[in-house]
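Please read the following note with the sequence and the structure open. The points are numbered so that each may be checked in turn.

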Amino acid sequence: MALHREALEPLYQSIKKWQDNVRCTDIDKALTGQLTCPLCEVFYHRDCAGCPVAEETGQVMCRGTTYSEAHRAKDAIAEGLAPMSTFTEPAKKYLEFLEMLWRKR
């Protein structure tokens with residue numbers, strides 16, 4: 001899969017964001033959701049058409065990745081219902097997924 005030219009910078013910025021998320025020790029500073037996603041900024045309004053995540057998984061809205069698990073964990077941690085590791089582990093896997101997409105470019 002060759003990345004669309006318009007996906008390169010948003011993917012790079014998404015990788016940087018998830019690197020920060022993985023290192024995050026304060027769940028309130030972890031960034032998830034379409035409003036903080038460089039890829040969503042470009043592709044969300046197109047129903048994810050052209051998004052490298054969607055192209056790889058064949059699904060929209062980051063389904064088929066650990067993104068949703070990380071997002072749900074963030075909410076549970078913020079409510080005091082789960083430890084930080086419930087966010088960090090799926091966040092690491094999602095970062096690894098994004099980095100794999102970058103290597104394929």
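1. Cys62 is placed in the loop between H3 and H4; helices here are DSSP runs (H or I, at least four residues), numbered from the N terminus, and strands are runs of E of at least two. The phi of Cys62 is near 60°, a positive value in a residue other than glycine. Cys62 has 13% relative accessibility and therefore counts as buried; buried means under 20% relative accessible area, exposed over 50%, and partly exposed in between (1.4 Å probe, protein chains only).

2. Two conventions apply throughout. This is a predicted model, in which local features need pLDDT of at least 70 and side-chain atom pairs count only at pLDDT 80 or more, while totals for chains, interfaces and linings use all residues. Residues are numbered from 1 along each chain as its sequence is written, and side-chain values use heavy atoms, with hydrogens and water left out.

3. Cys48 should be examined next. Cys48 is found in the loop between H2 and H3, and its phi is positive, about 70°, although Cys48 is not a glycine. Cys48 counts as buried because its relative accessibility is 11%.

4. Where is Thr65 found? Thr65 lies in the loop between H3 and H4. Leaving aside residues up to four places away in sequence, Thr65 touches Val53, Thr57, Tyr94 and Phe97; contact means heavy atoms within 4.5 Å. The C-alpha atoms of Thr65 and Val22 are separated by 16 Å, and these residues are 43 residues apart along the chain.

5. Helix H4 covers residues 67-78, and its 12 residues should span 16 Å at 1.5 Å a residue; the end C-alpha atoms are 17 Å apart, which agrees. The expected span is 1.5 Å times one less than the number of residues. The buried residues in H4 include Tyr67, Ala70, Ala73, Lys74 and Ile77. Seen down the axis of H4, the buried residues fall within an arc of 125°, so they line one face of the helix; the arc is that of the directions from the helix axis to the C-beta atoms. An α-helix has 3.6 residues a turn, so residues three or four places apart point the same way. Among the elements covering the buried residues of H4 are helix H1 (5-23) and helix H5 (85-104). Gly80, which has a positive phi near 75°, follows H4.

6. H1 contains 19 residues and reaches 29 Å from its first C-alpha to its last, close to the 27 Å expected at 1.5 Å a residue. Its buried residues are Ala7, Pro10, Leu11, Ser14, Ile15, Lys17, Trp18, Asn21 and Val22. The cover over them includes H2, H3, H4 and H5.

7. Not counting residues up to four places away in sequence, Ser14 touches Cys37, Pro38, Leu39 and Leu98.

8. For H5, 20 residues should span 28 Å at 1.5 Å a residue, and the end C-alpha atoms are 29 Å apart, which agrees. The buried residues of H5 are Phe87, Thr88, Pro90, Ala91, Tyr94, Leu95, Phe97, Leu98 and Leu101. What covers them includes H1, H2, H3 and H4.

9. How many cavities of 30 Å³ or more are there? The count comes to one. On a 1 Å grid over the protein atoms alone, a cavity is a set of points where a 1.4 Å probe fits but cannot get out, a pocket is an open set with protein on both sides within 12 Å along at least five of seven lines, and lining residues have an atom within 4 Å of a point. Grid points are joined across faces, edges and corners, and a volume is the space filled by probe spheres set on the points.

10. The largest cavity holds about 80 Å³ of space. Its lining has 13 residues, of which Cys40, Cys48, Cys51, Val53 and Cys62 lie nearest its centre. Helix H2 (38-43) and helix H3 (52-57) are the elements that give two or more residues to this lining. By class, the lining of the largest cavity has 13 nonpolar, no polar and no charged residues; Ala, Val, Leu, Ile, Met, Phe, Trp, Tyr, Cys and Pro count as nonpolar, Asp, Glu, Lys and Arg as charged, and the others, Gly among them, as polar.

11. The largest pocket has a volume of about 160 Å³. Among the residues lining this pocket are Lys17, Trp18, Cys48, Cys62, Tyr67 and Tyr94. The lining of the largest pocket divides into nine nonpolar, two polar and one charged residues.
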